[in-house]
Every structure is written in structure tokens, then in C-alpha cells.
Amino acid sequence: MRRPAALLTYILIGAYLLLIGGALYWQVGQREVLVNHPANPYQLLERRSVRRGGIFDSSGEVIAESVQREKGFERVFHGTSGLAPTIGYFSQRYGTAGLEKTLDEFLMGRRYPGTSVIGRLRHLLSDRSSGYDVITSIDLDLQRTVEQALANRKGAAVVMEVKTGRILAIASMPGFNPEEIDSQWDKITSDPGSPLYNRALAGFYPPGSTFKIVVLAAVLAHGELDLASVFDDPGSVTIQGHQIANAGGTPWGRISLLDALVVSSNTVFTEVARKIGSDQLLQMAGSFGLGRKPPLAGENVGAGKLPSGPLSPLELAQLAIGQYGIVTTPLQMAMVVQAVANDGLMMEPLLVDAVKASGNGGKWINQPRPMGYVVSAQNARKIRQAMAEVVTRGTGRNAALSGIDVAGKTGSAENPQGRAHAWFVGMAPVDKPAICLAVIVEHGGSGGGVAAPIARRIFAAYFQGAAG
Amino acid sequence: MLSRKGVEKYLPARLWGRRHERRLLVLVAVIALLGVSLSGRSNFDAWHQGLRLGGSLGIGLFCLHFLFCFADFSGDENLLPLCGFLCALSLTTLAGMSTSLAFRQLCWMFLGFALIPIGALPRQWESLADYRYLVGITGLGLLFLTAFFGVEQYGARLWLELGPVRFQPGEVVRLGLGVFIAGILSENSQLFAHPTARLGPFSIPEPRHLMPLLSIWVLFLFVLVVQRDLGSAVLYYALFALLSYAATGQIVYLALPALMGGLGGALAALVFSHVATRFEIWLNPWASPRGAGYQIVQTMFALANGGWLGKGLGQGLARAIPASHTDLPLVVIGEELGFAGLTACLTAQFLLAAKGLAISFRCGHGFLRLLGLAVVVGWSLSVFLVAGGLLRLVPLTGLVTPFISYGGTAMVTNLFSLGLLLNISRQEIWS
């Protein structure tokens with residue numbers, strides 16, 4: 001009997017090892033190939049079987065939510081089209097984008113938002129049939145006003161709360177309807193207006209004259225010059241054979257630095273930039289966060305560009321008026337004015353207020369985080385006063401509001417593609433700013449003529465709402 | 001005399017024994033409680049439903065254990081916990097699909113548990129050899145009945161309906177065939193071991209001894225071919241070959257059927273289109289991933305999604321594949337518990353079979369030894385054919401995975417077989 005016993009045992013061991021080898025092959029060896037196989041329905045089924053968390057505005061109004069339908073959950077969008085590039089979409093066929101992508105793990109309930117060990121354990125043991133809700137800092141009413149003010153023009157606007165850096169409204173126009181992603185994909189992706197492209201977070205534009213705020217901050221930090229320093233403005237200067245002129249070529253004659261900002265004199269600002277030098281200017285631009293990706297979660301946040309020194313006199317002169325080698329996003333310019341408005345303290349931009357478990361579950365609040373002082377409080381106040389005069393008697397008059405003192409700076413950024421981009425960056429009220437904003441209309445022409453009235457409508461709507 | 005430790009000193013003297021079994025059963029009960037509770041948490045009406053289901057299994061196992069203690073049963077202490085672990089896995093996968101399925105399966109388990117002592121405790125089972133023809137013909141009759149009067153489900157005629165009761169006699173028939181073959185082989189073991197007649201270069205036993213065995217076996221295969229139950233046909237065929245070899249120690253009983261089986265399989269693939277289809281699906285399931293290859297393609301996806309450690313209990317989606325509770329419980333385990341869980345399950349089956357082999361070969365009684373082997377080899381072949389089919393080592397068949405698949409007849413028969421194996425493991429009949 002010894003022989004059969006041994007042979008049968010060997011056969012048994014051989015069969016066992018064969019099975020383990022087979023399991024290893026399919027579950028580990030071929031895993032990558034099979035999990036990503038286009039016919040693999042599991043990803044899709046898994047996505048359909050979970051009630052994905054909703055995305056809400058700061059007052060609790062629904063922006064996007066999952067609704068139970070016959071075929072499983074379906075994503076319904078209640079937000080505005082200009083908000084869609086930021087919120088993004090959730091499609092079974094085309095994947096995810098925007099906040100839907102950045103926060104996917106929370107929305108699907110796969111990741112526990114907190115740090116407590118017991119909470120984590122409970123999360124692990126829950127059936128995970130519903131995801132976490134996300135409460136954004138967006139104020140949908142304000143958002144609607146912003147988009148109405150932009151009125152179908154290509155462009156973007158970012159409105160921020162000064163003290164906290166919370167983004168109250170963020171519009172990228174033209175937008176799209178996330179519910180139509182599956183049915184209208186080809187139309188949306190081939191649209192010449194590129195609606196999927198988030199202009200507010202990743203649109204690269206030369207800042208034009210709005211960059212004079214940064215130049216002014218560098219000049220004040222330098223210490224030799226002041227707002228009262230007087231310059232001679234001939235209307236145009238020629239540097240290295242290249243002419244740099246004021247808008248319309250107007251010579252302002254003897255003019256103070258303050259008035260140079262108010263009338264947006266290009267010649268005076270090239271002159272002061274030459275005086276402080278490119279190192280100082282680039283350093284100040286860098287500390288305002290230009291040329292760096294803002295600390296906002298998400299892969300579609302742009303860093304812009306900042307030239308690296310040393311610059312030739314012509315390059316420096318063009319940088320001083322925001323035209324050479326520098327590109328910024330509307331979010332970055334909003335952060336620049338936020339720092340000026342907040343007495344020099346720059347805050348991290350914040351788009352998510354809290355992540356919340358459904359029902360009576362926990363709530364995890366995203367606290368505002370300061371990034372550090374960019375300019376001194378004293379200089380920030382000086383810049384603010386100068387910007388206030390831009391609105392009361394300068395290029396930004398169209399942003400002026402009765403009852404509320406608005407401060408701002410216009411820009412008409414020349415670009416090779418066509419008419420100048422119309423910029424307006426600003427804040428209100430001047431004494432103790434509550435909100436700040438950056439508005440850009442692509443190829444809109446004059447910042448004072450096109451962008452400033454948009455800013456005015458936004459301020460009006462915000463303070464009317466705040467008062468009422 | 002055993003020393004008394006811990007809690008055990010408060011137990012009656014008879015309960016001091018079988019300590020190894022008791023410890024393993026505690027582990028099994030914990031696994032059952034945790035597994036069922038976690039797996040079914042989205043199906044349960046109340047959180048304690050999982051504890052009730054898993055706990056009942058544990059209580060059932062402990063009842064058996066204490067019964068063995070009081071009966072001074074000297075059988076093996078590893079078999080019951082191993083089988084309990086597999087039952088726990090079975091309940092775990094079922095609880096993730098539907099509570100009512102899990103509950104029904106638990107009822108079947110309890111019926112099986114009730115049969116275990118009947119198989120394990122009496123000393124008279126060796127006389128079963130006297131009824132070998134009766135058992136064999138009954139099995140054959142059952143097979144005939146199903147093949148010609150059975151109810152069709154999922155394209156195969158595997159069910160018998162008797163009034164309100166509906167059952168699948170496949171497993172009963174397997175046990176019956178095992179009893180029959182073991183009976184014949186043990187009766188004539190000397191004749192088979194020292195063959196006198198010749199067939200070409202091989203020595204074979206006299207035809208008059210071989211005839212009853214061969215004729216019934218051929219009838220079995222015929223019925224299975226009519227029934228189109230390819231998996232069972234292969235299983236019975238291999239069972240017969242392995243048992244003959246084990247009974248005689250002559251390699252010819254293994255080599256000849258292997259050769260004939262290969263030829264027969266090739267012939268069947270040429271003659272019967274459904275056999276050919278099976279082979280085509282096996283070799284290239286991607287030809288029709290939504291049609292004939294659906295089950296195997298979905299299986300591969302599910303296993304791959306499981307990865308090393310799995311998606312987590314109750315998080316898998318393989319339960320959505322049709323007939324997953326009967327055909328694909330191993331895939332559900334592979335997806336939800338990953339490679340680790342599947343390996344644990346296969347290892348438990350391996351240990352059960354290895355222990356069973358050791359027990360059978362240790363048994364001094366010829367018939368019981370072969371009966372034990374029939375049980376163990378039957379289980380191992382089922383597991384290999386099912387798991388091998390899912391892992392694409394062999395063509396996929398619709399066989400039952402012992403102790404894991406949903407199914408009343410199979411569960412009861414296999415638990416009763418476990419009782420018989422426990423009986424065979426009694427120290428009194430060691431050789």
C-alpha cells in the first residue's frame with residue numbers, strides 16, 4: 001500500500017500547487033491587464049452601485065448630486081455653466097474632471113476624511129453604499145450674478161473672501177452642462193470656445209497693467225521712492241530701439257507715482273522698474289505667488305510663468321507693464337489683490353469648506369490657512385489707497401459704486417492673438433475689504449471700459465445681498 | 001491523563017478530551033461570526049442577523065464537538081474544524097448575496113450536522129460493502145431518473161422533483177458509486193492485484209471479475225453523456241481510475257484509463273458539438289465574451305479585481321454574475337478576499353484532502369479504506385475541476401465545490417461523507 005499512498009499524495013500536492021499558481025497568475029500577474037480591460041464592467045458597476053456624495057454651495061444649495069434612476073445612480077447638475085469647468089463632470093464613459101475628480105475618493109466614500117482611528121475603523125466596517133458630501137465655498141447667488149455680468153463673453157472671474165481666501169464665485173466662460181457630457185461629447189470637445197478648459201484656474205494671460213500693483217509693492221518695499229515721488233512723463237520712451245508708449249500716447253508731464261498708477265502711465269512704471277532693478281521686481285512677483293502653482297488641490301490649476309533674471313533693460317521695461325515673459329491666471333491675480341486687501345497676509349485659496357458624512361454623520365471642516373506676509377501692512381494700505389483713487393478718478397471709474405468705496409486696477413493686456421484682454425482686479429470696501437476679485441474678458445479691449453463694469457455689478461450684488 | 005488548564009477544569013471529566021478540536025472550533029466560530037457579519041452588512045435587516053447566522057454555525061459545530069466528547073469518540077480532531085471553516089466561508093459568500101440563501105444553506109448544514117454522528121459513531125458501516133450492488137444500482141437508477149425525467153435548469157438536466165422537494169442527486173450518486181467501487185475492489189483486491197489474464201502487453205484480471213465493475217461504470221458514463229454533464233463524467237471516470245490504482249497498486253490502472261480518457265475526450269470533442277464548444281471556450285473565451293464565454297470572462301475580471309487582498313467582504317461584484325452562488329463561490333471569495341482568501345480556501349480543501357488520504361491509508365479495514373479514499377478523492381477532484389476551470393487550467397464545468405457551493409443535497413451528502421471519514425479515522429481500526 002505504500003506506493004499508491006505516496007503517489008496519490010504527490011498528485012494531490014501537485015494539483016494544489018497548480019491551483020495556487022493559477023490564482024497567482026490571474027489575480028496578480030494578469031491583474032493590470034484585466035482591471036483596465038475595456039470590457040471589464042466592474043469599475044462601472046462599482047461606480048453605479050454607490051450613491052456618490054453631493055456637491056453643495058456654502059448655503060447648502062445643491063450644485064451636483066446623484067439621483068437614483070432605473071439604471072443606477074445618475075449625476076444631476078444644478079449649478080451654472082460657468083461653474084462647470086471647476087466642478088467638473090462625472091461620466092461613466094469619459095471619466096471625471098474638476099472637483100469631481102480631485103475629490104473622487106471622498107465623493108465615492110472610499111477615503112475617510114478625518115484622522116481619528118475609531119472613525120477610520122467605522123468607515124472600514126460601514127457598507128460604504130454612499131459617499132461623503134462636499135460643501136464648497138461657492139455662493140451660487142453670487143456665482144449667477146458673475147456669469148450674468150460676464151454675459152456670454154469669453155473670459156473668467158474669481159471672487160474671493162479677503163480674510164479667509166475662500167473662493168465665493170469662480171466662472172470660466174463659455175461653460176458647459178456636465179449632464180450633456182455623455183450625449184454631446186464631440187460637440188463640447190470640438191467647440192472653438194473650449195468650454196472644458198478652466199480659464200479661471202488655468203487660463204494663461206499676460207497681466208498687463210494690473211501687474212503695476214506688484215511693481216508698486218516692490219517700489220514701496222524698496223523704500224527710496226514713495227507715492228508722492230514725482231516723475232517726468234514724456235508720453236513714450238524708446239529703449240533699445242523699442243518704443244514703449246502710454247495708452248493713446250498721452251504725455252502726462254510732471255506726475256506723481258500715485259497719479260501714474262491712477263492714469264496707468266506706462267512710461268513712469270518702466271522708469272521706476274529700472275530704478276529698483278529686475279531682481280527686486282522678480283522677487284516681489286515671486287512672493288505674490290506668480291509663476292508658481294497656487295496651493296489649491298486639483299490637477300487643472302495653472303502656475304503661469306515668470307521670467308528668470310537678469311533681464312535686459314527692454315525686458316525689464318516690458319515686465320513692468322505686465323507684457324514681457326509673464327503670464328498669470330485669474331486665480332493668481334485674485335490672490336495678489338487678496339494679499340493687498342488683507343493687509344499683506346496672503347491666504348491659501350479655498351474651494352472646499354467641509355466634507356460631510358450623509359445623514360447625521362460627522363463633518364470635517366477645511367480651515368483657512370495663511371501663506372505668509374507678502375507686503376507690510378503699511379505698504380498694503382498705501383497700495384489700497386492708490387487703487388481706490390484709480391476707481392474714484394482714474395481708469396477704473398466704471399467700477400465705482402455709490403455707498404461702497406471700491407479699489408481696483410485695470411489692465412488691457414496686449415497679446416499676439418488679437419485685441420487686448422480686458423482686466424480688472426479690485427476689492428471693496430477700501431477701509432476694511434470684505435471681498436476681492438479678478439475679472440478678465442478675452443480680447444475685450446480696454447479693461448476700464450469692459451472689465452470694470454463687470455466688477456461693479458459683482459460688488460453691487462454682493463453688498464446688496466450682504467446689506468439685505 | 002490530560003492535565004486540566006484554565007476553563008477546562010470546570011468542565012466534566014469527559015470534556016477534557018478533544019482539546020485540539022475545541023481550540024480550532026473557537027477559531028472557526030470567530031471567523032464565521034466576523035465573516036458573515038461583515039459580508040452581509042448591506043443585506044441584513046438588523047445588525048445582529050449576521051451574529052445569529054454565524055453564531056448558529058458555531059453552535060452547531062460545538063454541539064457536534066461535545067457529542068463526540070461524551071461519546072468518547074476517538075476519531076480525528078482536524079476534520080471537523082476544517083470542514084467548519086469551509087462552511088463558514090460558504091455562509092460568508094452567501095450572506096453577501098442574500099440573507100434567505102444563507103439561511104437556507106444554514107438549515108441544510110444543520111441537517112448535515114445531524115447526519116455526521118450517524119456516519120461517524122456506529123461501528124457497523126463496514127457491512128455497507130454487502131449492499132454494494134444495491135447501492136450501485138440505486139445510484140445508477142437515480143442518474144437514469146434525472147437524465148430522463150429530471151427538470152432542466154441552466155441548460156442541464158441535473159434536478160429531480162418529488163412533489164414539493166427538488167434535489168440534485170449528483171453528489172448522492174457519487175457517494176453511491178464510491179461505495180460500489182470500494183465494495184467490488186475490496187472484495188476482489190487479490191484478484192485485481194495479481195492479474196492472470198492478458199490484454200496485449202498488459203496483465204488484467206479475469207474478465208468475469210472485471211465485468212460487473214466495467215459494465216456499471218460504462219452505464220454511468222453513458223447516462224452522463226446523455227445528460228451532457230461533462231464535469232460529472234470526468235469526475236466519475238477519474239474516481240474509478242484512482243480508486244482502482246489505490247486498491248491494487250498497479251500503475252496500469254492509472255496509465256490505461258489516462259490514455260483511454262485522452263482518446264475518449266478527443267473523440268467526444270469531434271463527435272459532440274457541445275463538448276467541442278466547451279474546449280473552444282476554454283482555449284479562447286474572448287471569442288464570445290458576452291455569449292458562451294461570459295462566465296469565464298467575468299470570472300477572470302472578478303479574480304483580477306480582487307488582487308492580493310481583495311475588495312473587502314461585501315464589496316465584490318461577482319455575486320451579480322448569474323448562478324454565482326452555485327457555480328462561482330470561489331470567484332466571490334477570490335474577489336472579496338483576494339489571492340489571500342482564495343489561497344486560504346484552497347489550502348483548507350488541500351488539508352482536508354491530505355488528512356483524509358492519511359486517514360484512509362492508515363485504516364486497517366479494506367472496504368472502509370477504499371470508501372474513505374472514494375470520499376476524499378471525490379472531493380479533491382471536484383475542487384480541482386471547479387477551481388481549475390475557473391483558473392482556466394481545465395475546461396469549466398458546473399460541478400459543486402464541496403462545503404462551499406450553495407445546494408442542499410450536496411451539503412447534506414458531503415457532511416454525511418465527512419461523518420463516514422470520521423468513522424474511518426477511529427483509532428480502533430488503525431492497521
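Okay, let's start at the interface: between chain A and chain B, the rule turns up zero salt bridges. By salt bridge I mean a side-chain nitrogen of Lys or Arg within 4 Å of a carboxyl oxygen of Asp or Glu. Before I go on, this is a predicted model, where local features need pLDDT of at least 70 and side-chain atom pairs count only at pLDDT 80 or more, while totals for chains, interfaces and linings use all residues. Residues are numbered from 1 along each chain as its sequence is written, chains are lettered from A and ligands numbered from 1 in the order in which they are written, and side-chain values use heavy atoms, with hydrogens and water left out.

So what does hold our attention at this interface? Well, eight residue pairs are in polar contact between chain A and chain B, both residues being at pLDDT 80 or more. A polar contact is a pair of N or O atoms within 3.5 Å; within protein, one must be able to donate a hydrogen and the other to accept it, and residues adjacent in sequence count only if both atoms are side-chain atoms.

On the chain A side, the elements giving two or more residues are helices H1 (2-29), H2 (31-35), H3 (42-49) and H7 (117-125). Helices here are DSSP runs of H or I with at least four residues, numbered from the N terminus. Which one gives the most? That's H1(A), with 20 residues. Sort the residues on that side by type and you get 25 nonpolar, six polar and five charged. For the sorting, Ala, Val, Leu, Ile, Met, Phe, Trp, Tyr, Cys and Pro are nonpolar, Asp, Glu, Lys and Arg are charged, and the others, Gly among them, are polar.

The contact (heavy atoms within 4.5 Å) involves 36 residues from chain A and 48 residues from chain B. Together the two chains bury about 3700 Å², with 74% of that on carbon and sulfur atoms. Buried area is the accessible area, with a 1.4 Å probe, that two parts lose on being put together, summed over both.

Now, salt bridges do turn up elsewhere: over all chains there are 23. Take Arg393(A) and Asp259(A), whose closest N and O atoms are 2.7 Å apart. This pair links distant parts of the chain, 134 residues apart, with Arg393(A) in helix H16 (residues 377-393) and Asp259(A) in helix H12 (residues 257-263). Are they buried or exposed? Arg393(A) is partly exposed at 39% relative accessibility, and Asp259(A) is partly exposed at 26%. The scale is: buried under 20% relative accessible area, exposed over 50%, partly exposed in between (1.4 Å probe, protein chains only).

There's a network too: salt bridges with shared partners join Arg52(A), Arg75(A), Glu100(A), Asp104(A), Glu105(A) and Arg110(A). One of its links is Arg110(A) with Glu105(A), at 3.2 Å, N to O. Arg110(A) is partly exposed, at 34%, and so is Glu105(A), at 35%.

Over to chain B for a last stop. Gln349(B) sits in helix H15 (residues 338-362) and counts as buried because its relative accessibility is 7%. Beyond its neighbours within four places in sequence, Gln349(B) is in contact with Leu86(B), Val383(B), Thr401(B), Pro402(B) and Ile404(B).

And how many disulfides are there over all chains? For Cys63(B), the nearest cysteine sulfur belongs to Cys69(B), 12 Å away.

Notes: A disulfide is a pair of cysteine sulfur atoms within 2.5 Å.
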